[in-house]
Every structure is written in C-alpha cells, then in structure tokens.
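Open the structure in your viewer and keep the selection tool ready. This tour goes stop by stop.

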Amino acid sequence: MADPSVLGPALARLTGFLDRVDEAASRFRPDSEINRLQRAGGGDLSPLLARLLAAALDAAERSHGDVVPTLGSELSRLGFGPACAPTEEVTHASLERPLVPTLIPATSWRHIELDGRTLRLPRGVALDLGATAKAAAADIAARDLHEAFDTSVLVSLGGDIATAGNERWEVLVQDLPDDPASQVSLTGGWALATSSTQKRRRGLGAASAHHILDPWTSLPAPAAWRSVSVAAPDCVSANMASTAAVVRGPGAVGWLRGLGYPARLVRADGGVLELNGWPAEPEHHLAAGAAR
C-alpha cells in the first residue's frame, strides 16, 4: 500500500477475499465449490467462481489451447494435485451429458458450457484453475483495495503481481537465488507474472518434473526456459503469456514478439533474452517478482 496507515485493514480485507477464492476454486478442499460442481457435472456458480472460470476460458482461447483449465486429472496423476480427482456423482443430468470427442486438455476445454453463472461440464473433464485463478485474484484484489482505501496498491500472489493507482513500484526480478536478477519499475495499473520450471517439482534429481503441463501432451513442457516474466495491462494476460511461453518453448519468442508484451526469458543455461522493450518501455515501466 502506498499509504502505510491502511496496511492493517487492507491485509485483513485481502485475507478475507483470498479465503473466499480458496472456498470457491481450490481442488484441494473436498468441500470447495468447484469440487461440488465437478461431482455434479455443473450447476449454478457463485459470482466469484463464474468470474474465475470465465477468465480461465478466455486465457485458453487467447493462448490457442496452451493454457487451459482442464488439466485436473493430469496434474493429480503427476502428484501436483489431490490424491485423486473428485468422484463424480451419478445423476440424471450427468448421464445426459455428451462425451467429449477427445480428452486432450488442449481441446476439451472448448466443450465446457458457461452461460452467465450456469456451468455444464462434459463427462471426463476435470477442472483445475491453478493456471489463472491466482492471477485473476490479484487483479480483482488490487482494484478492490484501491477503491476501498483510495491509495495505490500492489498485490503479489506467488509471482503474480497486479497494481492499481498511480504509484510506481520498484521490484526485483529473480526466480531462484542464483538466477540472473533485474531491478525494474512498474507503472501503476500494470501487472506482471513470472512462470518457472524450477519450482514446484516432483521426483528426485534429474528425474524431477516441473508443474507446467503441455495441454497437447499432458506432460511437463520441455524446460527450454528456467523462467519467463511478462508484463501486461492485467495480471491474467501476463500470466497467460508467461505460462504459454513455457509450454511453447523456443517457439515462444516469435509469439511473444507478436503479442507486444515486454518479456524476459531465462534460458536453461542461464542466458537472458529480453523482448519488446524490457526492461524500460518508453510508455510503460515494468516489474516482475518471484516465480509462481
């Protein structure tokens, strides 16, 4: 918070909001809203979950299937989720749901039907909003706190950074302690996300695998990049671009150039590639944070 006098109540407000996000979208809670809807094959969503799912489906569309909300079963099988996917209740509605022609996550998301706050899930598709919900929550929280306390705000949720207000923020860009670092500045209203293949790993030594899955193969994406940081006008866009860049590997360079978002990619050998004006775009200063 730019005004330190409101930090206490702002943190309390943020904590309450994040609790509601957890209750709505966590796959690790059997009682969460998303798990209840998963078991029932759909139903009426709360405004918050509807907003988070809409953001996830939009990211899937804009990334052409590289960042999707349908990797729940695949993440669980690799140890990045609950021990097993939620058990589906056999109901009349679920029996009427059509089977998807293919269960490849990169395409199965297109069979999800979200009409306002009404959800209909195809059989066999397990939702996981981990790729976008944190970024969407950062966007929502930053705007809410700015409006509630009338001061500039930076919200950082595990590497997803969103800001609101006119204040400029200085942030260090670095994934692991031995990785190359960059000190940059983010103009208020902009956001940044960092995706990493070095954190949240399963296994031992060279056999360990990172958590960013390629929806086209359902396996961890080849680790061409140690980390990718992207700045954008909102955190969902930044997160979508950074995650998709990891999935695309070397092919991400041309795609990111086309998006126009300033980006910083750290190669597997530690070399750094900067795109689209990073670290100081003439019209927009940038920032990044610890990887998600």
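**Stop one: a charged pair**

Select Lys-134, which counts as partly exposed at 28% relative accessibility. This is a predicted model. Is Asp-160 buried or exposed? Asp-160 is buried, with a relative accessible area of 1%.

**Stop two: a charged network**

Next, select Asp-22, Arg-29 and Asp-31 together. Salt bridges with shared partners join these three into one network.

How many salt bridges does the count come to? The count is eleven. Go to Arg-110 and Glu-61, one of these pairs, with closest N and O atoms 3.4 Å apart. Arg-110 sits in the loop between helix 6 (105-108) and strand 2 (113-115), while Glu-61 belongs to helix 3 (residues 47-62), so the bridge ties together parts that are 49 residues apart in sequence. Glu-61 counts as partly exposed, at 39% relative accessibility.

Move on to Glu-74 and Arg-77. They form a salt bridge too, and their closest N and O atoms are 3.7 Å apart. Both residues are in helix 4 (residues 72-77), three residues apart, and about one helical turn separates them. Colour them by accessibility. Glu-74 is buried, with a relative accessible area of 10%, whereas Arg-77 is exposed, at 65%.

In soluble globular proteins, nonpolar side chains tend to be buried together. Select Leu-49, Leu-52, Leu-129 and Val-155: these have the most contacts inside the largest nonpolar core, which has 46 residues. Which elements each supply at least two residues of this core? They are helix 1 (7-25), helix 2 (33-40), helix 3, helix 7, strand 4 (153-157), strand 5 and helix 8 (235-248).

Zoom in on Leu-129. Leaving aside neighbours within four places in sequence, Leu-129 is in contact with Ala-25, Ile-34, Leu-49, Leu-52, Leu-53, Ala-56 and Pro-69.

For the last stop, select Met-240, Ala-252, Trp-255 and Tyr-261. They are among the 25 residues of a second, separate core.

Terms used. Residues numbered from 1 in each chain as written. Predicted model: local features only at pLDDT ≥ 70, side-chain atom pairs only at ≥ 80, totals over all residues. Heavy atoms only, no water. Salt bridge = Lys/Arg side-chain N within 4 Å of Asp/Glu carboxyl O. Helix = DSSP H or I, 4+ residues; strand = E, 2+ residues; numbered from the N terminus. Buried < 20%, exposed > 50% of the residue type's maximum accessible area, 1.4 Å probe, protein only. Core = buried A, V, L, I, M, F, W, Y, C linked by side-chain atoms within 4.5 Å. Contact = heavy atoms within 4.5 Å.
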